[in-house]
Amino acid sequence: MAFLCKWCAGAAAETAGVMRLRYDPAVTPVIVPCTGRVTPLMILTALLNGADGVLIGGCHTPNDCHYVAGNFKAFKRVYMVKKLLEQVGIEPERVRLEWISATEAPKLARVINEFTEEIRRLGPLGGKYA
Amino acid sequence: MRIGVFVCHCGVNIAGVVDVKRVVEEIRKLPGVVHVEDYTYMCSEPGQELIVKAVKERGLDGVVVAACTPSLHYETFARAVERAGLSRYRLEMVSIRELDSWVHLDKNLATEKAVRIVAGAVAKLLGNREYEPIRIEVTRRVLVIGGGIAGITAALSLAKMGIPVILVEKSPSIGGKMAMLHETFPTLDCAQCILTPLMAEVARHPLVKIYTLSEVESIEGCVGNFKVKLVVKPSGVKVDACKLCGFCERVCPVEVPSEFNRGLSKRKAIYIPFAQAVPAAYVVDFEHCTKCGRCIKVCPAHAIDLEQREEVIEEVVGAIIVATGYELYPAEKLPEYQYGVENDVIDSLQFERILDVQGPTRGEIRRPSDGRPVKRVVFIQCVGSRDVNHLPYCSKICCMYTAKHALLFLERVPGSEAYVFYIDVRAGGKGFEEFIKRAQEHGAVYIKGRVSRIYKDKSTGDVVVEGFDLLDNREIVIRADLVVLALGMVSALDRKLVESLKIPVDQYMFVSEVHPKLRPVETPVAGVLVAGTVQGPKDIPESIAQAASAAAKAAELLLRGYIEREPLVAEVNSEKCNGCRVCVSVCPYGAIEIYEGKARVNEALCEGCGACAASCPVGAVQLRNYTEDQALEVIRAVLRVK
């Protein structure tokens with residue numbers, strides 16, 4: 001599952017479509033108003049309900065955020081979630097935060113492919129911990 | 001809730017990859033969904049009618065459209081559901097084209113992904129509520145930042161529509177870079193002759209208030225009501241009292257390089273920037289003034305006050321037009337051209353001043369180092385521009401003004417020679433190509449290639465230019481009197497103003513517009529518009545056209561007296577709120593305050609980012625139609641699909 005900011009990474013996903021880039025269909029995008037709106041609970045709910053990994057795509061730091069500094073807030077929260085996962089024995093690599101601007105469609109495709117590959121390597125989360 | 005889901009084929013754009021029939025069957029099973037339909041082109045008139053008809057006949061109170069991206073057709077479908085009698089907040093639209101069918105080849109996996117995307121939309125819609133647009137009264141006044149040709153045009157245009165304008169200019173006079181130009185391409189109009197009447201008109205207009213020597217200190221608030229703080233620096237001279245007699249200038253003992261003549265002549269510490277300056281008054285350069293007081297003694301009008309203080313002025317405006325213009329790329333960054341080392345290597349604006357009858361040489365073309373009359377000039381184009389180490393972009397106007405320089409020089413000095421080193425000649429524009437030809441017919445020699453070395457021959461005083469002629473495939477050496485560098489255009493916008501305005505800029509500090517084609521003068525910050533070279537390199541007619549367009553957009557916002565804003569902002573449940581202030585501290589817009597111990601959202605300021613909602617430890621602040629419950633339901637719904 002991927003939470004994509006509608007201004008940057010979400011727009012990059014649209015551009016990727018227009019450019020007919022190819023990437024792994026295993027990731028379902030959910031468009032959010034800002035990565036600053038993504039709560040730790042959302043990330044954990046995704047992992048608890050069957051997602052094997054969560055990707056968060058936002059605007060580049062420091063100045064790209066449409067809402068001034070939502071990306072910094074996301075950065076802190078994701079860091080916290082990764083620490084938390086580590087402490088309960090889940091690979092923190094299952095959560096990944098990336099800055100992808102509206103023009104960086106190829107980066108979005110690359111990140112999604114890299115991420116799915118990484119998650120496949122780690123194996124299903126449910127199978128291991130359920 | 002009774003939800004209808006409408007799946008678009010988009011011809012074969014979606015249906016070619018996604019098995020639409022299977023999506024329809026899967027979606028039909030979802031809770032709340034009572035009606036599912038698919039159609040070749042949902043956005044077409046018959047497609048929209050399907051939605052209207054289904055809403056009415058099946059009594060739907062929610063609609064999901066799965067088609068292309070909402071940025072393309074959200075408005076289309078929002079109007080369709082409104083025609084059917086529903087609020088637009090009863091519509092959710094998701095892309096299964098850009099985000100799915102266009103990026104995947106595996107039909108099976110793409111179909112499953114489409115089902116997941118639609119399931120998420122259905123889950124979100126279940127939690128949506130209806131809202132009315134927020135109506136905000138607006139202040140009918142516009143702040144124009146920058147008093148160049150773009151700012152002047154925008155200010156005059158607004159004033160003529162009856163909208164008061166505050167025009168802020170950093171330097172002592174309005175007029176901008178255009179005031180420094182001699183003649184303008186391709187018609188060779190005298191720049192001053194067409195600009196100064198406009199300067200006088202804008203200064204005279206009762207609805208325009210001009211602040212020169214002024215800068216924007218801070219901006220608060222939002223579209224309709226920006227609270228602007230301006231810092232007005234002292235000019236040292238009472239504008240109304242000054243009679244322009246010039247006695248003060250004569251007695252002033254301090255000499256510094258003239259900004260207007262770009263260092264090619266001197267001015268005093270009390271000076272008039274140029275003859276037609278507006279406001280028409282002398283000004284004291286406090287950075288260099290020694291406060292000797294001689295000017296005060298000779299001023300017959302008692303206009304001089306060296307103890308004037310900086311003033312802070314606060315104004316409320318409904319919209320802001322940013323027209324801060326450009327500067328030339330610093331030639332010192334390209335040491336190979338010897339600018340600043342050899343005085344006979346000058347920039348293009350310096351050459352404008354040399355051509356000008358009001359310039360440092362009274363229009364005689366003499367070179368700066370020794371005053372020798374100039375017979376041979378080498379013009380070098382793309383200095384900084386189209387260079388990955390400097391400015392990767394094309395500065396757009398240099399090809400044309402270089403041709404103008406060459407032509408004016410050849411016409412002015414009989415028997416002279418002009419050489420132009422170029423990469424490509426870019427002359428797209430009405431009469432532009434013909435103008436280049438005209439310069440060439442007058443004898444301008446165009447050499448395709450770059451200059452490798454410039455040095456001064458001490459024995460003859462010539463500036464020797466060594467370059468490579470790509471078309472002739474040979475080295476070329478020209479002994480010139482003067483070298484003119486066509487320096488690239490860089491944005492004059494500073495970081496502080498960008499931060500006050502909260503507008504996005506690209507890596508070159510040019511302002512990013514909302515949409516490069518459809519909304520070229522609007523920034524993503526509502527009510528902040530751009531005009532002229534602050535948005536990218538452009539020539540005078542383009543700057544003027546953009547300024548008039550920005551004025552029209554500002555008028556569009558302000559003439560009605562009120563604006564309506566998207567109501568999907570943050571909302572506080574005061575029963576849950578414990579007044580902890582976390583939301584206040586994370587809000588980037590200062591839109592939340594604590595009132596009687598509880599958080600309160602200023603709907604006029606809130607942009608709906610949801611940072612507060614994500615931070616609230618008790619879940620009291622929620623983003624309308626993107627509540628935490630909704631977000632979690634979307635996640636569960638997406639993951640429930642097998």
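Tutor: Helices (H or I, at least four residues) and strands (E, at least two) are DSSP runs, numbered from the N terminus. In this predicted model, local features need pLDDT of at least 70 and side-chain atom pairs count only at pLDDT 80 or more, while totals for chains, interfaces and linings use all residues. Residues are numbered from 1 along each chain as its sequence is written, chains are lettered from A and ligands numbered from 1 in the order written, and side-chain values use heavy atoms, without hydrogens and water.

Student: Where do B:E75 and B:R79 lie?

Tutor: Both are in helix α3 of chain B, residues 70–83. They sit four residues apart, about one turn of the helix. B:E75 and B:R79 form a salt bridge (a side-chain nitrogen of Lys or Arg within 4 Å of a carboxyl oxygen of Asp or Glu). Their closest N and O atoms are 3.6 Å apart.

Student: Which residue meets B:K29 in a salt bridge?

Tutor: B:E26 does, at 3.3 Å from N to O. B:K29 is exposed at 62%. B:E26 is partly exposed at 30%.

Student: What does B:R367 form with B:D344?

Tutor: A salt bridge, with the closest N and O atoms 3.2 Å apart. This pair links distant parts of the chain, 23 residues apart. B:R367 is in the loop between α10 (348–355) and β21 (376–383), and B:D344 is in the loop between β19 (326–328) and β20 (345–347). Both B:R367 and B:D344 are buried.

Student: Which side chain of opposite charge is nearest to B:K268?

Tutor: Lys and Arg count as positive, Asp and Glu as negative; His and the chain ends are not counted. For B:K268 the nearest is B:E255, 5.2 Å away. B:K268 is buried yet has no salt bridge. Look at the backbone instead. The side chain of B:K268 reaches the backbone oxygen of B:E249 at 2.9 Å. A polar atom of that side chain also lies 3.0 Å from the backbone oxygen of B:C252. B:K268 itself lies in strand β14, residues 266–268.

Student: How many residues does the contact take from chain A and from chain B?

Tutor: Contact means heavy atoms within 4.5 Å. Chain A gives 38 residues and chain B gives 39.

Student: What area is buried between chain A and chain B?

Tutor: Buried area is the accessible area (1.4 Å probe) that two parts lose on being put together, summed over both. Here it is about 3200 Å², and carbon and sulfur atoms give 64% of that. In chain A, A:P25, A:R37 and A:Y67 lose the most area to chain B, together 20% of what that side buries.

Student: How many salt bridges does the rule find across the interface of chain A and chain B?

Tutor: It finds one. A:R37 forms a salt bridge with B:E628, the closest N and O atoms being 3.1 Å apart.

Conventions:
Buried means under 20% relative accessible area, exposed over 50%, partly exposed in between (1.4 Å probe, protein chains only). A polar contact is a pair of N or O atoms within 3.5 Å; within protein, one must be able to donate a hydrogen and the other to accept it, and residues adjacent in sequence count only if both atoms are side-chain atoms.
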